[in-house]
Amino acid sequence: KLSVGISYQDNPIEVITLVERTLAKLDIFTDEVRMQVGIDDFSDSAISIGIRLWIPTTHLYAAKYSAYKAIYLMFEQENITIPYPQRDVHLIEKKAQ
């Protein structure tokens with residue numbers, strides 16, 4: 001299973017389609033069900049796109065690394081943002097006595 005976060009400003013339905021097209025071009029699948037891609041989670045800083053691939057164990061890491069590289073390059077080309085966690089910190093000053 002792979003997962004990648006996208007910004008809430010990006011359209012997850014379009015990203016899912018782009019991920020499916022991008023991964024379909026890779027030669028990493030068996031003849032069985034090839035992949036499932038969908039919204040996996042709405043987290044604090046990102047919409048997580050989950051990707052399930054059916055890969056022979058002997059090729060697992062090569063396929064995983066190829067898939068992540070292809071997704072990254074596609075995100076870069078399509079200007080899709082991979083967000084990072086952000087926190088707002090509010091400082092409250094004590095009043096002098």
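This is a predicted model: local features need pLDDT of at least 70, side-chain atom pairs count only at pLDDT 80 or more; totals for chains, interfaces and linings use all residues.

Residues are numbered from 1 along each chain as its sequence is written, and side-chain values use heavy atoms, with hydrogens and water left out.

**Stop 1: the core.** Select V19, L23, I49, I51, L53 and F75. Within the largest nonpolar core, which has 23 residues, these touch the most other members. Such a core is a set of buried Ala, Val, Leu, Ile, Met, Phe, Trp, Tyr and Cys residues joined through side-chain atoms within 4.5 Å. At least two of its residues come from each of β1, α1, β2 (35-42), β3 (47-53) and α2. Helices (H or I, at least four residues) and strands (E, at least two) are DSSP runs, numbered from the N terminus.

**Stop 2: L23.** Stay on L23 and show its contacts (heavy atoms within 4.5 Å). Not counting residues up to four places away in sequence, L23 touches F29, M35, I51, L53, A67 and I71.

**Stop 3: A67.** Move to A67, in helix α2. Is A67 buried or exposed? At 0% relative accessibility, A67 is buried. Buried means under 20% relative accessible area, exposed over 50%, partly exposed in between (1.4 Å probe, protein chains only). Beyond its neighbours within four places in sequence, A67 contacts L2, L23, L26, I28 and L53.

**Stop 4: an aromatic pair.** Select Y61 and Y65. Both sit in helix α2 (residues 60-78), 4 residues apart, about one turn of the helix. A search of the whole structure finds 1 aromatic pair. The ring centres of Y61 and Y65 are 5.9 Å apart and the planes are at 40°, so the pair is tilted. Rings of Phe, Tyr and Trp (its six-membered ring) pair if their centres lie within 6.5 Å; planes under 30 degrees apart count as stacked, over 60 as edge-to-face and the rest as tilted. Y65 is exposed, at 53% relative accessibility.

**Stop 5: a salt bridge.** Select D40 and K1. Their side chains meet in a salt bridge at 2.8 Å, N to O. The term means a side-chain nitrogen of Lys or Arg within 4 Å of a carboxyl oxygen of Asp or Glu. D40 lies in strand β2 and K1 in the segment before β1, so the pair ties together parts 39 residues apart in sequence. D40 is partly exposed at 41% relative accessibility, while K1 is exposed at 58%.
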